[in-house]
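Let's take a walk through a protein model together, one chain at a time.

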Amino acid sequence: MASFLAAHGYDPGPTQRPLLTGAISGVLATVPAILVLHLFGSLEVEARILGTSIGATLAAGWLLMAVAGAVYARLFGRAANNRSGGWLFGAAFGFAVWAAGAVLVLPLVSGGRAPAGEAALGVFVSLVLWGAALGILVPFIHRPLHASLEEVSKRADVGPTAAAANGRRT
Amino acid sequence: MIRVVALRKAAVAGVAGAAAWEAVLRSLILAGVPTFDIVKSLGTLVFPQGPASAWWPTGMAAHVLVGICWAVFYAYFFWSRFDWRPPLQGLVFAALPAVLALAIVSPQLGLMQLDADEVQLTRDLIMPPLSALEIGGLVLGHAIFGLVVGAIYVRPVGYRNEPVGKRLAKVRERPRKAANGRPQGAGFIFAAGIECSYPTIEQGKWRRDEMDEMRHYQWWQRDFELAREIGITHLRCGPPLHLVLGGPGRFQWDLVDEPMAELEQFGPEPIVDLCHFGVPEWLGDFQNPEIAKALGEYAGAFAERYPWVRFYTPINEMYVTARMSTLDGLWNEQRKDESAFVTAALNLVAANVAMTEAILAKRPDAVFIQSESSEFYQACCPEPSIEERAAFENERRFLPLDLLFGHEVGDEMLGYLQQHGREAEYRRYLSREVPKRTVLGVDYYQWNEKLVDRDGQPRNLGELFGWSVIAGQYWRRYRRPMMHTETNFGNAAEAARWLWRQWHNVQLLRTEGVPLIGFTWYSLTDQTDWEIGLRRPDGTVDPVGLFDLNRDPRPVALSYKHLIDLHRDQPEYRECPALKELLN
């Protein structure tokens with residue numbers, strides 16, 4: 001089962017650049033998420049709870065989302081390139097980020113203060129939307145970033161010595 | 001991709017699951033049971049003070065949307081994980097959303113319904129107390145949802161075996177990359193394959209179609225490009241016989257014309273596989289003696305329409321086709337009976353011969369690569385009954401090829417044919433003249449060598465003697481030019497190692513003087529459900545391809561490209577003496 005999951009999921013393909021792809025996708029996916037936060041008035045509430053300006057909250061959010069995007073693409077590896085299922089994997093990841101970040105971490109760092117009402121709804125919707133957008137974007141961002149087959153196939157570890165990959169020199 | 005998911009079916013299951021939940025829980029609520037009202041909780045987020053006519057459709061829409069998401073999640077990650085009845089699988093899966101609903105979503109919904117934009121969290125806000133009836137309602141709702149999703153989401157791959165043609169997707173014209181043209185020379189064949197099995201299961205009611213499941217019908221142009229990028233010279237591939245051959249003399253060539261035109265113009269050169277484990281619905285199964293005539297006509301018509309095609313595999317793996325259909329009871333006729341095996345084997349050989357003759361009538365210089373699975377049975381112990389069983393199976397594995405190549409069978413196999421009243425047919429094949437340009441294709445996988453255990457049952461041995469030893473047995477029997485026509489490895493992390501080891505097996509036989517013309521990694525992309533021999537339409541993806549189903553390369557693709565780049569310009573590979581002799 002471990003090798004099966006690795007083959008389909010968390011082992012990225014040999015030509016993939018998951019961290020870069022995830023970071024770029026994470027940043028881009030933040031755009032619609034910010035719109036939702038703004039519409040629900042959540043951005044102002046979060047800035048107030050964190051005791052920072054809206055600009056600083058946005059900057060920190062963008063940075064965090066870039067990191068979270070990179071984590072997503074590395075964690076889901078090969079599966080993150082699935083065009084038909086990416087939206088779902090991303091939305092599930094967005095839900096997890098919401099559950100971990102907004103529900104658990106934010107109240108901890110803010111002394112128990114948390115968004116409520118529409119602002120809380122906005123945080124939820126924005127993170128699930130961010131995740132879905134991230135999942136949709138990754139396969140498309142990833143393709144032009146792939147290393148070329150020509151270049152990677154010259155690596156020694158895929159060459160003839162792979163036949164004795166588990167062997168020692170005698 | 002872990003599984004091939006039927007998104008539409010999963011969405012329908014999600015909608016139905018959410019609707020069933022609401023129907024039961026709404027009835028309870030209307031009957032006065034004070035339980036958790038998920039639709040109202042969601043709807044009043046948008047219409048806090050609104051009437052039911054406002055919050056119910058809104059809440060229901062959100063409820064259905066979440067239901068669809070969970071159903072698709074189930075389809076990807078949980079479906080067919082356990083060998084349970086489908087509704088039970090759904091019920092067990094529903095425990096996950098139920099726990100999340102109780103622990104996270106329900107308290108958060110409470111927070112979202114507050115008339116404030118910020119709160120100081122308290123214990124009651126983080127984990128508001130729910131009554132037993134509210135908890136019971138949430139659990140019951142999820143249980144209903146899981147049961148319904150589980151019951152509806154079944155058979156995500158394949159389709160009803162009906163006499164209707166499916167159309168290949170029209171692929172948008174793309175600029176071709178790495179077009180290397182169709183090689184006409186006699187260079188060593190570095191091949192891959194498009195896995196194109198299409199047997200029926202469920203007593204002929206359900207059609208497996210690997211090309212459909214791998215999305216080859218949508219992605220064929222991309223698949224051919226990928227093959228060219230790797231440097232593959234030849235591609236084992238076949239039109240979907242069950243869709244093209246609509247009836248006697250009725251051919252739906254528009255399914256095939258565009259992909260064939262692309263292969264003709266840009267390569268790789270196809271080795272056309274005309275029958276791969278199944279026949280069209282109107283022909284029934286391999287017990288039907290009419291398949292020889294029908295497939296002969298089909299092959300002749302194919303050769304006439306695509307006269308540039310040089311390489312053919314008329315019927316892929318006749319022994320495996322007959323065995324899986326009549327002894328293992330998994331495909332097509334799904335019998336478990338020796339007489340049916342003999343009938344299927346004879347019908348397959350008759351069809352193969354008819355196809356070969358029909359092709360030769362249109363293309364006299366056609367090359368026939370007769371692929372067969374290399375099998376070997378090792379007796380576990382010096383027990384006469386066990387040794388006899390192994391010896392019998394080691395003779396039976398040759399039966400279809402013996403008939404095709406007009407080779408005499410052993411005494412035991414002769415007795416077997418006599419026992420089933422088929423000796424006369426066997427005798428007729430003995431005088432058959434085998435076409436000059438016939439190649440023996442020998443496939444090899446890690447399950448091809450078997451141990452006959454103390455109960456007389458075969459068990460997988462893994463690679464005991466290896467391809468060169470087993471293929472060597474076939475070589476000594478038939479003395480035909482040979483090709484390694486299929487291999488792959490189930491553990492993607494070990495596949496590159498397996499590729500190189502198979503390659504060294506090929507090299508060993510070449511140095512021993514066996515005229516070998518080619519090597520094949522099968523297949524270009526991952527496949528589905530081969531781990532269970534296609535017996536159920538689960539859609540579980542086997543990571544055996546050079547590329548996964550997203551068309552991202554696996555490490556073995558890099559190794560194969562490395563291997564091809566390393567060898568193709570070496571003198572003995574740039575022009576393969578065995579192939580040159582065959583073509584001359």
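**A walk through two chains**

Chain A is built from seven helices and one strand; helices (H or I, at least four residues) and strands (E, at least two) are DSSP runs, numbered from the N terminus. Along the sequence, the order is α-α-α-α-α-β-α-α. Chain A is more spread out than a compact globule, because its radius of gyration is 20 Å, well over the 15 Å that the globule rule gives for 170 residues. That radius is taken over C-alpha atoms, and the rule is 2.2 Å times the number of residues to the power 0.38.

Before going on, a word on the ground rules: this is a predicted model, where local features need pLDDT of at least 70 and side-chain atom pairs count only at pLDDT 80 or more, while totals for chains, interfaces and linings use all residues. Residues are numbered from 1 along each chain as its sequence is written, and chains are lettered from A and ligands numbered from 1 in the order in which they are written.

Now see how the chains meet. In chain B, 42 residues are in contact with 47 residues of chain A, where contact means that the C-beta atoms, placed from the backbone, lie within 7 Å. Several elements of chain B each supply at least two residues to this side, including helix H3 (52-77) and strand S1 (118-120). Strand S1 (residues 113-115) of chain A runs antiparallel to S1(B), joined by three bridges; strands pair if DSSP finds at least two bridges between them. Within this pairing, Pro115(A) has Glu118(B) as its bridge partner.

Next, look inside chain B. Eight strands, S3-S6-S9-S10-S11-S13-S16-S17, form a closed barrel with parallel pairing. One example is strand S9 (residues 269-273) of chain B, which pairs with strand S10 (residues 311-313) of chain B over three bridges in the parallel sense. There, Ile271(B) is partnered with Phe311(B).

Finally, find Pro163(B), in the loop between strand S2 (159-160) and strand S3 (189-193) of chain B. Is Pro163(B) buried or exposed? Pro163(B) is exposed, because 10 other C-beta atoms lie within 10 Å; a residue is buried with 20 or more such atoms, exposed with 12 or fewer, and partly exposed in between. Leaving aside residues up to four places away in sequence, Pro163(B) touches Glu281(B) and Trp282(B).

Note on methods
Two residues are in contact if their C-beta atoms, placed from the backbone, lie within 7 Å.
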